[in-house]
Amino acid sequence: MTQSASTAADATARELAVRLRVDKALPTPAYLQLRDQLAALIAAGGWPAGRALPSERDLAVALGLSRMTVRRAFGELEDDELVEPRHGSGTYVRARRLEQTIDRVVGFTDEARHLGFRPGARLLEFGPVPADVEVAETLRCAPGTVVLRIARLRTADGAPLALQHAFLRSSLASLEATELERDGSLYRTLERRFGVVPQRARQTISARLPHRRERALLEIGAFDPVLALERTTFDPDDAPFEYVRSAYRGDRYRVALDLRAPDRG
C-alpha cells in the first residue's frame with residue numbers, strides 16, 4: 001500500500017471510529033456493541049450502501065480493540081446481510097433488497113416507491129419489432145405482427161437492479177418514447193394514452209446465470225445469479241397487452257408470496 005493510500009485508510013477508520021463508542025467495562029461483549037452500533041449506523045444511512053468499511057486492522061487500531069473483536073463484529077453483520085466481503089477489495093455495505101409482494105399487479109416505479117426506494121430507468125431500446133413465436137403466442141397474435149419493444153435498465157436508489165424487455169400488443173405500438181420518459185411509469189402512460197389498465201397478471205420466476213449483456217449492465221460477475229421473471233399482463237377484458245422478460249440482480253431482489261389458508265367452508 002502506498003503512503004497516500006495508507007493515509008486515506010487511516011482517515012476512513014478515524015472517521016468511522018468517532019461515531020462509535022465501545023465500552024469494555026460493560027457486560028455486553030465488545031464485538032456485540034460494535035456490531036449493534038455499526039448496524040444502526042448503516043440503517044440510518046450514516047455509512048451508505050456501496051461504501052467500504054475500514055479494514056479490520058485499521059478499525060481495531062482506531063478503536064483500541066483487538067482485530068479478532070472487529071472480525072467477529074464484521075462476521076455478524078455479514079450473517080445479517082448488512083455487509084459483504086469482496087475478495088481482495090474489502091468489506092462493503094450491502095444495498096437494501098427490493099422485495100416484491102406477489103398479491104397485486106403493480107409497476108416497478110410504484111412498487112419501488114412504496115418500498116422506500118428511489119426508482120429510475122435508462123431507456124436502452126424503443127421501437128416496433130416483428131413478434132417472434134413466443135411473443136406472438138403470449139400476446140395472441142400472428143408471428144411477425146408488429147409489436148412495440150421497450151428495453152430499460154431499472155435502478156433503485158441509483159444502483160442497477162434489473163434489465164427489462166417489454167413487448168406491447170400492436171394496438172399500443174403508436175406509443176412514443178417521449179411519453180414514457182415524461183410519465184416515468186409505463187402503466188400510467190398506457191392508461192392516460194389508451195385507457196388500458198392492468199387487471200391481472202401471470203408471472204413466473206426462475207434462477208439462472210446472467211448473459212454477457214446482463215453482466216455489463218447490472219454490474220455483476222459471470223457466476224452471480226439473476227432472477228429471471230416473465231410476466232403477461234391482462235386488461236379488464238382479459239386480453240393480454242404486455243409481455244415482459246426481466247433479469248433481476250439476485251443479491252438485491254427477492255419475491256414474497258402472500259399466502260392464505262384455504263377456505264374450509
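**Ser246 and the sheet around it**

Mentor: Ser246 is in strand β9 (strands are DSSP E runs of at least two residues, numbered from the N terminus). The model is predicted, so local features need pLDDT of at least 70 and side-chain atom pairs pLDDT 80 or more, while totals for chains, interfaces and linings use all residues. Numbering runs from 1 along each chain as its sequence is written, and side-chain values use heavy atoms, without hydrogens and water.

Ser246 counts as buried because its relative accessibility is 7%, and buried means under 20% with a 1.4 Å probe and protein chains only. Leaving out residues up to four places away in sequence, Ser246 touches Leu163, Gln164, Leu227, Ala228 and Leu229 (contact is heavy atoms within 4.5 Å).

Next, the sheet. β9 belongs to an open sheet of six strands with antiparallel pairing, in the order β4-β5-β6-β9-β8-β7 (a pair needs at least two DSSP bridges). In that order, β9 stands between β6 and β8. The edge strands are β4 (119–130) and β7 (200–208), each of which pairs on one side only. From one strand to the next, the twist averages 15°.

Ala228, one of the residues that Ser246 touches, is in β8, where Ala228 stands opposite Ser206. β8 covers residues 226–234 and pairs with β7 over nine bridges, in the antiparallel sense.

Helix α8 (residues 186–194) lies across β5 (146–156), β6, β8 and β9 (240–249), and α8 runs at about 165° to β9 (axes are lines fitted to C-alpha atoms, and angles run from 0 to 180 degrees between N-to-C directions; a helix is a DSSP run of H or I of at least four residues).

Last, the space inside. The structure holds one cavity of 30 Å³ or more (on a 1 Å grid, points where a 1.4 Å probe fits but cannot get out, with lining residues having an atom within 4 Å of a point). This largest cavity holds about 340 Å³ of space, the volume filled by probe spheres set on the points. Its lining has 27 residues, of which Gly107, Phe108, Gln164, Arg231 and Tyr248 lie nearest the centre. The elements that give two or more residues to this lining are β3 (98–102), α5 (108–114), β5, β6, α8, β8 and β9.

Notes: Buried means under 20% relative accessible area, exposed over 50%, partly exposed in between (1.4 Å probe, protein chains only). On a 1 Å grid over the protein atoms alone, a cavity is a set of points where a 1.4 Å probe fits but cannot get out, and a pocket is an open set with protein on both sides within 12 Å along at least five of seven lines; lining residues have an atom within 4 Å of a point.
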